[in-house]
Amino acid sequence: MAFFAEAASPYLPLGKTAYLTSSFGESRGTRYHAGIDLSTNMEEGWPVLAPSDGAVEFAARGAFGYGRHIKFKAKDEHIWLFAHLSEFSPKIDSLIHREMLKKEKANVHLSLKLRFKKGDTLAYSGSTGIGNPHLHVERRTSNGKVALNPCKMMQCTDTIAPYILDAAPFDSGFAIKIVDYSREPLENPMSVYSLDVFQGKKLIFSKKYDSLPFAPDKMAKIKEDLLNVQDPDTVSDWHFIKAKGGKNIMAVAKDFANNVSKKELVIRSDSLKLKDKDTAIVFLDTVPPSLGKVFLKTDFAGKVQCRIPVLDSLAGGLDFDSVDFRDKNGKWVIFDFHYNTKELLVEKRDFDFKEPLSLKLCGKTKACKEEKIKCE
Ligand SMILES: [Zn+2]
């Protein structure tokens, strides 16, 4: 069953149907997933289209978190956020490029106002800031404080009803373990859209994931809703029900496409225990990173890139503190990196690849390495 949006024709951010790999309201440990993830078949470079006439008001490049992302103010004043992008559209790209040169920094952000028409290409999907390629889509109220379920405006296909798996006492109430999948194979566990709990005929709990408060302090309150419990199963969510358990308890869980599951609950006798707080691990990195052999590659958008593999003493990945590329005149050169690619990328835009490039790379403990590189 497909969920059809309130809008006359549902918005397709990628211009074609793409299946969900994460739903709105999923637990991310201490916070909610405030948007949805759309599959790009593990590819990069799918055009991301404007949902209506409007303007891109913010663009940022980052190596972590959202990675490259933009905020788009739509005609209805709501804000759309698209994250993990590989490229911006040329108009945004040239402004970001200018800012990078000005700040001599790879990761910059910018407030702007660039108008686009409905269906225009705003950017291209990618994997910046995260492990594998997909498009993260958020929709927020105009003040940015409430995250709205993007599936209200889109077609979010889900063919499998939620699984209600278990129930156990917790605190002064109880918790219900649920997981939802949108399609076969069952590899992307999701959260449900709504959960109603009845005792006999009486409704004792009701929750619908249409919106989530976005303020960071409010997001943290996930502990009172989806519990971070000690459980070897990490794919299901434990929903906390602030009501006395007992007999004749019925749970009704719905997904975004209105597939329904009902189950009479047998509440276990053993209480759930919350996970201990994760303690921060401190690494001591004493050896500077080392460089692999440089090679040239053309990316999907036709940009020639000089790719420089980096090995670091910690996990064999990028864990350095700072990178600085300069051409022979000492001018800063635009570069790029992902936290997971173990590569530094330099674009053939601001300097001649035939010239040597000087690179200064510093590890976390400030052990630095300076090297001359030639991209050929
Ligand atoms: Zn996401």
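**Close-up views of a predicted model**

Leucine 20 stands opposite leucine 38 in β3. The model is predicted: local features need pLDDT of at least 70, side-chain atom pairs count only at pLDDT 80 or more, and totals for chains, interfaces and linings use all residues. Residues are numbered from 1 along each chain as its sequence is written.

**View 1. Strand β3 and its partners.** Strand β3 covers residues 36–39; strands (E, at least two residues) and helices (H or I, at least four) are DSSP runs, numbered from the N terminus. Two bridges link β3 in the antiparallel sense to strand β2 (residues 20–22), and two strands count as paired if DSSP finds at least two bridges between them. With strand β10 (residues 134–140), β3 pairs antiparallel over four bridges; there, isoleucine 36 has valine 137 as its bridge partner. Ile36 and Leu38 point one way from β3, Asp37 and Ser39 the other way, and all are buried. A residue is buried if 20 or more other C-beta atoms lie within 10 Å of its own, exposed if 12 or fewer, and partly exposed in between, with C-beta atoms placed from the backbone.

**View 2. An open sheet of four strands.** The strands follow the order β13-β14-β19-β18, with antiparallel pairing. At the edges are β13 (163–170) and β18 (226–227), each of which pairs on one side only. Two bridges join β18 to β19 (residues 237–241), and leucine 227 has tryptophan 238 in β19 as its bridge partner.

**View 3. The largest nonpolar core.** A nonpolar core is a set of buried Ala, Val, Leu, Ile, Met, Phe, Trp, Tyr and Cys residues joined through C-beta atoms within 7 Å. The largest one has 62 residues, and Ile70, Phe82, Leu85, Leu122, Ala123, Ala175 and Ile176 touch the most other members. Strand β7 (residues 79–88) gives the largest share, seven residues. Domain 1 (2–157) and domain 2 (163–265) both give residues to this core, so it lies between them; the domain bounds come from an automatic or database domain assignment.

View 4. A cis peptide bond, with omega about -10°, joins glutamate 184 and proline 185. Proline 185 is in the loop between β14 (173–179) and β15 (194–199). Glutamate 104, in the loop between α1 (90–103) and β8 (109–116), has a positive phi near 50°. Asparagine 258, in the loop between β20 (249–254) and β21 (260–265), has a positive phi near 75°.
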